[in-house]
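Student: I am new to this structure. Could we work through the terms used to describe it, setting each against its definition?

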Amino acid sequence: LASAPVSTRAPRATLSPALKQATPVVVDHATGSWIHGTDGRDYLDFTTGIGVTSTGHCHPRVVAAAQEQCGKIIHAQYTTVMHQPLLALTEALGEVLPDGLDSVFYANSGSEAVEASIRLARMATGRPNIVVFQGGFHGRTVAAASLTTAGTKFSAGFSPLMSGVHMAPFPYAYRYGMDEASAVEFALRELDYLFASRVAPIDTAAMLIEPVLGDGGYLPTPPAFLQGLRERADRHGIVLIVDEVQAGVGRTGRFWGHQFAEGVTPDILITAKGIASGFPISAIAASTELMSKAWPGSQGGTYGGNAVAAAAGVETLAVIRDENLVENARVRGDQLLAGLQEIAARNPRIGDVRGRGLMAGIEFVDPAASGAVPVADAAAAAAVQQAAIGHELLTLTCGPLGNVVRLIPALVVTEDEITAGLKRFSDAVDDALA
Ligand code: PMP
């Protein structure tokens with residue numbers, strides 16, 4: 001392998017300690033489900049850049065599309081001149097977006113798209129408040145951090161945050177010791193209680209939810225909960241925003257994560273991450289009627305809808321279709337979950353295993369603790385995540401309490417790669433918790 005020349009000079013600048021790195025790996029190159037380190041080791045990548053490299057690392061078709069676009073035009077600011085890749089991406093998105101969400105615009109990141117959706121919902125309704133659900137992650141810009149309840153590390157120390165954000169419970173059945181139906185009933189009643197006690201529906205612009213809580217603990221949103229939100233949104237004239245940044249684009253085994261909830265169509269859908277296999281682009285989609293409530297010029301940005309990212313997005317969607325990757329996510333996700341359940345059955349410190357498609361969460365707890373809610377064991381999760389690196393498997397932790405390990409393989413992952421990942425994960429659990 002060709003490795004980068006190593007300088008012997010003391011560095012004149014170094015990376016900020018504000019960046020916390022989950023692994024010591026330095027990438028030389030990467031392909032498919034694999035990261036090849038400058039240390040000469042081959043790591044099975046079950047992080048995919050936090051759910052971004054949907055078609056695997058450097059899919060040849062995506063690489064070719066981006067290279068070709070670089071030779072045509074790299075940046076054509078889309079509120080100045082339009083470019084072909086963005087028209088093509090809009091057409092391709094039209095094939096996969098739910099009926100009725102026929103108007104789209106673009107930004108660079110999930111956070112920016114989340115902010116754009118809040119601007120739109122407030123402009124459309126003339127109302128100030130946004131209801132979010134405990135454990136939701138919506139980004140790191142100040143407004144997006146204001147909407148995030150996946151951990152205080154995302155918002156502590158730089159208040160005041162954006163006003164008008166109110167948090168309702170999420171139906172976290174395992175934590176509450178409830179079955180799913182009871183957790184949904186509890187969370188919907190608490191939402192109604194919030195509407196009655198503090199946040200009047202007539203002052204509420206939007207409810208914002210992820211189809212699977214991502215950074216907040218890899219918890220699938222029960223379909224009945226989303227249906228309950230849809231019903232309340234309709235009843236009160238509230239905009240339902242579904243943040244598909246991490247769960248969208250095939251990852252759950254359906255094209256959109258919210259499609260598990262029969263009959264639910266969001267008013268605004270936000271997508272990013274997997275949409276362009278690693279190139280930065282995000283999109284928000286809504287009905288033309290809703291979009292037209294925003295002032296012309298009230299949305300946009302210098303780099304939004306970049307031409308190379310858009311070309312990569314067009315090819316990503318084509319690869320997902322041609323290689324049947326949504327179906328692959330479903331089948332390989334079932335294999336992953338079944339294997340994890342076997343590992344959990346042998347280890348009492350794994351309190352819960354859950355997932356949808358290729359989003360799997362393993363929650364570590366203290367099995368000796370008593371009480372109404374499980375006692376998190378963040379040290380166990382961290383030890384397993386670190387031990388996995390030694391077995392050349394890359395994973396991440398998540399959850400407000402840091403006690404969940406999450407596995408996010410590429411949508412192209414093979415049966416053998418899932419089998420290998422499960423073996424490596426099992427070895428890491430044995431090493432870390434023996
Ligand atoms: N929403 C969700 C559901 C996410 O998972 C993330 C990123 N982890 C974001 C928003 C923010 O996206 P970005 O980091 O691109 O700003």
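Tutor: Let us begin with the sheet: four strands form an open sheet in the order β1-β2-β3-β15, with mixed pairing. The edge strands are β1 and β15 (393–394), since each pairs on one side only. This is a predicted model, in which local features need pLDDT of at least 70 and side-chain atom pairs count only at pLDDT 80 or more, while totals for chains, interfaces and linings use all residues. Residues are numbered from 1 along each chain as its sequence is written.

Student: How do you know that β1 and β2 pair?

Tutor: Two strands pair if DSSP finds at least two bridges between them. Strands themselves are DSSP runs (E, at least two residues), as helices are (H or I, at least four), numbered from the N terminus. Strand β1 (residues 27–31) and β2 have four bridges and run antiparallel, so they meet the definition of a pair. Within this pair, threonine 31 stands opposite tryptophan 34 of β2. The two strands form a hairpin with two residues between them, and glycine 32 in the turn has a positive phi of about 60°.

Student: What makes the pairing of the sheet mixed?

Tutor: In general, strands of a sheet pair through backbone hydrogen bonds, either parallel or antiparallel. Here β2 and β3 (residues 42–45) run antiparallel, joined by three bridges, whereas β3 and β15 run parallel, joined by two bridges. Isoleucine 35 has tyrosine 43 in β3 as its bridge partner, and aspartate 45 has leucine 394 in β15. The pairing is accordingly called mixed.

Student: Why is threonine 414 called partly exposed?

Tutor: A residue is buried if 20 or more other C-beta atoms, placed from the backbone, lie within 10 Å of its own, exposed if 12 or fewer, and partly exposed in between. Threonine 414 has 14 such atoms within 10 Å, and is therefore partly exposed. This residue is found in the loop between β17 (404–407) and α13 (415–433). Threonine 414 and serine 33 are 381 residues apart in sequence, yet 8.7 Å apart in space, C-alpha to C-alpha.

Student: Which residues of the shell come nearest to the ligand?

Tutor: Of the 15 residues around the ligand, Ser109, Gly110, Ser111, Val245 and Gln246 come nearest. A residue is near a molecule or strand if its C-beta atom, placed from the backbone, lies within 6 Å of it. Helix α4 (residues 110–125) contributes the largest share of the shell, three residues.
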